[in-house]
Amino acid sequence: MADLSVTFVGKKLRSPLGVASHAVLNPGVGDSKAETEHLKKYADIAVGYVHTPFICPEEEHPKDKPPAWKFMSIRSREPFAMEGLLVATEAARIMCRLNPGLAMIETLREELPEDVAVIANMIGPGADPEGWADHCEEAEDAGADIIEMNVSCPIPASEARSVMAYQCGEMTESAGCLLGDSPALLIPVVKAVVDRVNIPVGVKLTPETGFPRIIGMAEEIKKAGAKFITGINAPITCGPPDIYKGGQGKWPGLSANPICASLGPWDRFLLYRNLGVLSAFVPGIELAGIGGLVEPEHVVEAMMLGARICEFSSGLLWKGTKLIEESLTFLSNYMDQMGYKSVEEFIGLGVKYIQPVEELDWRNEDFLATVDDRLCTRCGRCANSICSARSIMQNPLRLVIDSRYCIGCGLCQAICPENAVSIVEQKHPVIGVSLEK
């Protein structure tokens, strides 16, 4: 029987899977009991940790800001189908306030098993180091096992005043990912929190800090004393305009088109970038994987790139708690199948294969595309693309691959809707490429 337990920032967890921090649910804005009971249900499915909703310093939820969300599904014609979700809201409407947040932490720590960590996701007062330290200390006093500094939420950044504050370098209120993308403001905040609390502190990063800037940011976060980096939060985007309504937004009930957050499978490769890059270039800081994980296999992929734990956000919206159950079962079966006794045996296993492109042996002459005529429908999708190796011939109608121009790149295999193309290992001459080594 595979051992799913993992040690994360010094705390042993019963499994590496959990649910990421999310917005407070409607019944929980004024009463922590509903949200607490909701989080406890995840623990019943054997997760290794739960996150609180993002907790801000404001004590109580304002009565003039009832919760409000607008979701939009982005769909395309086959084979892409559902691509992702866009979500628009106002930060003040969805953040967990301090008093119900602290009560939630206290109850969760009292009632959850010891091997299920309570991670307090905290959004502090702008870029005020001491204010952040005070805020996170309250979470520690309430019983949190781990602090996750949320300097990555896209929602506060969509407000005009936050953008102006970022431009001026003066953040007095929550600015989400705008704080997380400003090293000069962020690092003093991280250091102040680490110096104040006695439990592990991590930083949840934004994908707005891209490559290679993420490397320098992570190095500074590590020097400031943080024990882990979570990545990624949702990227910022803009919803597509309705081309049949003069460019209005497509949001249900709205004609406006706000700057918004992007959720879904499309986020996963930004997560993989962060995991792979930080594992390769900034060793010595632990990583938590979140962003676009919607299949059980994604968990193993993220862990092989260095994530010690994996959190569901997009996947939970896609499939609900069933995804957690499926992933735990898959993980156990996968480990038995592969002969892994513990998750430690495959965490980071893929990092050693991350190489600069100039060091790769591309083996253009060793691989060739072949087509199964029984499956090929002669749709022409691959032949009418950028590759000169493929063409549609008449009498009889068939797809022909000219091996002289095929370098086994795999494009035709990737785009074939019928899975009729295979890439096989076969030595062959390629025009312009020598077979001599």
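Strand 16 (residues 390-393) and strand 17 (residues 398-401) run antiparallel, joined by 4 bridges. This is a predicted model. Met393 has Arg398 in strand 17 as its bridge partner. The hairpin leaves 4 residues between the two strands. Asn395 of this hairpin takes a positive phi, near 50°.

## Domains

The chain splits into domain 1 (6-353) and domain 2 (361-425). The centres of domain 1 and domain 2, taken over C-alpha atoms, are separated by 41 Å.

Phe71 sits in strand 5 (residues 70-75). The relative accessible area of Phe71 is 37%, so this residue counts as partly exposed. Patch residues must have over 30% relative accessible area, and Phe71 has 37%.

## Aromatic pairs

The structure holds 7 aromatic pairs. One of them joins Phe269 and Tyr272 in an edge-to-face arrangement. An angle over 60 degrees counts as edge-to-face.

Both Phe269 and Tyr272 belong to helix 10 (residues 268-281). They are 3 residues apart, about one turn of the helix. Phe269 is exposed, because its relative accessibility is 51%. Tyr272 is buried, with a relative accessible area of 14%. The cut-offs are over 50% for exposed and under 20% for buried.

Ring pairs also link a cluster made of Phe330, Tyr334, Tyr340 and Phe346.

Key: Residues numbered from 1 in each chain as written. Predicted model: local features only at pLDDT ≥ 70, side-chain atom pairs only at ≥ 80, totals over all residues. Heavy atoms only, no water. Pairing = 2+ DSSP bridges. Buried < 20%, exposed > 50% of the residue type's maximum accessible area, 1.4 Å probe, protein only. Domains from an automatic or database assignment. Phe/Tyr/Trp six-rings, centres within 6.5 Å; stacked < 30°, edge-to-face > 60°.
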